[in-house]
Amino acid sequence: MVRGSNGSQEARTENVLITIPISHFCEKARWALTRTGVPYREQAHLQLFHRFAVRRAGGGTTAPVLVWDGRVLADSTDILEALSAQAPPELRLFPEDSPAAAEVRALERDFDERLGPEGRRWMYFEMRGRGDLAREYGCTGVPGWQRRLLPIFYPVAARAIDRFLDVTPETAVRAEAAVEASFDEVAERLGDGRPFLCGESFTAADLTFAALAAAVLMPPEYGVRLPQPEVLPARMATKVNELRAHPAGAFALRMFREER
């Protein structure tokens with residue numbers, strides 16, 4: 001798929017974002033590209049297949065990878081930093097003021113290290129065995145041959161993901177608690193009535209929190225279609241609805257509605 005600064009299709013672009021379409025770290029990069037007005041072509045792949053694409057592009061083993069203006073950016077944080085640096089002042093994701101920028105970067109780093117991995121681990125555990133949902137929602141934009149292979153490939157991929165991400169009943173319980181702790185911290189920060197996490201302006205902290213919270217919120221405005229509570233496993237649906245009603249969850253959903 002090809003996207004421009006407003007999400008519309010464009011004839012062609014030299015900028016390529018390699019993604020796993022449902023990945024919330026990839027959504028973080030997509031959102032930043034759209035926000036800063038950089039046109040790009042998304043090259044989507046299913047989990048595990050993505051490794052061949054990111055390596056060919058000059059990345060490591062993870063997505064997203066952005067090939068942009070002769071550079072290869074292989075980390076979502078590096079992508080946000082580079083995009084923000086070239087954006088008009090009103091669209092930058094990091095404040096010019098050094099202490100304020102440090103605060104934004106500290107929050108972004110915390111969300112990357114805790115909320116992102118733990119929310120993903122919980123989500124994969126709750127969706128175990130639901131190959132039907134993987135086929136319905138995980139294939140947006142991927143090559144047809146990957147889509148056709150998924151029914152055969154799914155059991156192998158699921159085992160590999162469980163092993164790589166350490167997805168077990170025990171780690172899922174800890175992941176859920178970690179997500180709730182992160183949500184509580186965000187709610188406490190917002191408790192003084194500020195509109196954004198670091199004050200009066202939307203920053204990389206807000207974008208990162210909302211994007212990475214998507215694994216447990218399933219926002220309708222996400223960059224690709226996600227399963228909504230009515231089709232999720234019952235326990236997962238209950239938790240998603242609970243987190244959507246949490247002040248931090250409501251904030252993340254507002255960021256998707258108003259800033260995405």
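Select Ser 182 to start: you'll find it in helix H7, which covers residues 169-190. Helices here are DSSP runs of H or I with at least four residues, strands are runs of E with at least two, and both are numbered from the N terminus. This is a predicted model, where local features need pLDDT of at least 70, side-chain atom pairs count only at pLDDT 80 or more, and totals for chains, interfaces and linings use all residues. Residues are numbered from 1 along each chain as its sequence is written, and side-chain values use heavy atoms, with hydrogens and water left out.

Ser 182 counts as buried because its relative accessibility is 1% (buried is under 20% relative accessible area, exposed over 50%, partly exposed in between, with a 1.4 Å probe and protein chains only).

Next, pick out its neighbours. Leaving aside residues up to four places away in sequence, Ser 182 touches Phe 111, Arg 114, Leu 115 and Phe 209 (contact means heavy atoms within 4.5 Å).

Now zoom out and colour by secondary structure: the protein has 10 helices and 5 strands. Its radius of gyration is 18 Å, close to the 18 Å from the globule rule for 260 residues, so the protein is as compact as a globular protein of that length (taken over C-alpha atoms; the rule is 2.2 Å times the number of residues to the power 0.38).

Finally, colour by burial: 53% of the 260 residues are buried. Of the contacts with a separation of 6 or more, 73% join residues 24 or more positions apart.
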